[in-house]
Amino acid sequence: MQQTTKSGHTQGPKPLIIICALFFIFGFVTWANGTLIPFFKLSFGLSNLQAFFVTFASYMAYFFLALPSSWILKKVGFKNGIVLGLVILGLGSLIFIPAASTRTFGLFLTGIFVQGAALALLQTASNPYLTIIGPIESAAKRISIAGICNKFAGMIVPLIMGSLFLKNASEVEKQIKAATGAVHEQLLNDVLGRVNMPYIVLAIVFCLFAVFIKFTDLPEVEVEEDIVDESKGAVVKHSSIFQFPHLFLGALCIFVYVGAEVMAGDIIGIYGRELGISVEISGKLTSITLFSMLIGYIIGIITIPKYISQQKALRICAILGIIFTVLSFAISSWFAVIFVALLGLANSLMWPAIFPLGISHLGKFTKIGSAIMVMGIAGGAIMPLLYAFLNEKLHVNFQLAYLLTVLPCYLYILFFAIKGHKAGLKLK
């Protein structure tokens with residue numbers, strides 16, 4: 001696959017810088033869910049299963065909006081698609097304001113779903129953009145660079161939002177439980193009112209960035225219409241997306257990977273609470289997971305593809321995921337949460353490796369293939385609910401429920417890294 005622009009000029013650093021800024025926004029919005037889960041549990045008295053509808057609303061939007069996003073990008077192009085996505089992201093943030101004033105959990109979920117829809121459009125645009133602005137062999141390195149921005153945002157958002165939303169959470173929780181009547185109502189209004197200013201500011205920032213991109217020269221990148229069979233050196237004509245089984249195996253791999261990532265990032269706070277860690281501390285544990293991912297991204301930038309291929313990096317990460325998951329189950333003390341956080345290291349190079357492997361050799365089907373891959377992000381909606389169902393409804397111990405939910409994910413990722421990414425392709 002070749003990179004070209006409509007102007008025919010070689011790409012400079014500007015597209016990468018802009019996409020890195022977008023990945024920072026993805027991280028900030030997405031990982032804010034890790035703080036919103038304990039915040040909504042505090043504000044609405046939700047069970048774990050109910051609270052996990054925060055991640056469900058966010059990640060299911062990818063499933064429903066990824067393919068329409070591909071159609072939108074085909075009509076308006078990468079640049080205008082990004083502008084539109086940022087505006088929708090701002091609108092989703094503003095829905096939090098009436099949700100807080102009316103104390104309506106369903107309206108909060110609506111705002112989160114709209115944000116997820118915007119992120120689906122932005123992800124469908126930005127990931128293939130990163131992949132095809134340079135050689136496919138080094139795509140994992142470029143995605144790792146953007147991933148550092150994403151995970152840096154994820155590291156700071158629990159600290160910022162946690163300080164704003166979960167300030168004195170243990171004391172407030174006691175006050176809410178003890179209060180009645182008008183005092184109880186006022187406490188709930190005060191707590192939920194904490195979301196107003198942060199999300200107004202975010203909406204303004206998103207819209208300003210959309211204006212910036214609209215008036216910035218961000219060249220369109222096009223892909224070759226045909227694909228070369230590496231074994232014969234001949235052009236291969238494909239008439240259907242279904243002629244690429246590796247794409248669908250890759251989408252399933254994204255599904256289980258994102259599920260595992262959300263379990264390590266968003267659910268670590270709940271896991272910490274089960275181990276007796278306070279609300280204030282457990283609400284910030286996501287930062288440790290994302291710091292682990294940041295370390296992994298740095299390792300990927302240094303080593304891929306100079307020392308190891310993205311396929312080998314994926315195999316190593318899958319094996320680490322299996323080991324850390326088993327250790328998080330085997331240890332019964334609070335120390336187990338460290339191995340959940342270390343799953344961030346195991347997860348770090350998975351998206352950078354899985355995505356380019358899944359859309360490789362698609363040629364003119366790259367945009368629709370990218371949308372199918374992005375649909376796999378819905379795994380982040382399903383895995384937390386599966387964990388909560390096992391734990392709360394079937395009364396499975398929380399550590400065993402975590403093991404049963406996450407371990408199969410890493411086993412499948414290992415399969416994709418070894419064999420699945422080559423399905424239907426004549427690769428050496």
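**Burial, bonding and helix packing**

Colleague: What makes C253 count as buried?
Modeller: C253 has 0% relative accessibility, and buried means under 20% relative accessible area, with over 50% exposed and the range in between partly exposed (1.4 Å probe, protein chains only); C253 is therefore buried. This is a predicted model, in which local features need pLDDT of at least 70 and side-chain atom pairs count only at pLDDT 80 or more, while totals for chains, interfaces and linings use all residues. Residues are numbered from 1 along each chain as its sequence is written, and side-chain values use heavy atoms, without hydrogens or water.

Colleague: Why is C253 too far from C409 for a bond?
Modeller: A disulfide needs two cysteine sulfur atoms within 2.5 Å, whereas the closest cysteine sulfur to that of C253, in C409, lies 9.7 Å away. The structure holds 0 disulfides.

Colleague: How do you know that R103 and E185 form a salt bridge?
Modeller: Their closest N and O atoms are 2.5 Å apart, and the criterion is a Lys or Arg side-chain nitrogen within 4 Å of an Asp or Glu carboxyl oxygen. A search of the whole structure finds 1 salt bridge. R103 is partly exposed at 25%, as is E185 at 35%.

Colleague: Why are helix 1 and helix 3 called roughly antiparallel?
Modeller: Helix 1 (residues 14–44) and helix 3 (residues 53–94), DSSP runs of H or I with at least four residues, pack at about 160° with axes 14 Å apart. Angles run from 0 to 180 degrees between N-to-C directions of axes fitted to C-alpha atoms over the stretch in contact, and those over 145 count as roughly antiparallel; this pair therefore qualifies.

Terms used:
Helices (H or I, at least four residues) and strands (E, at least two) are DSSP runs, numbered from the N terminus. Angles under 35 degrees count as roughly parallel, over 145 as roughly antiparallel, 65 to 115 as roughly perpendicular and the rest as oblique.
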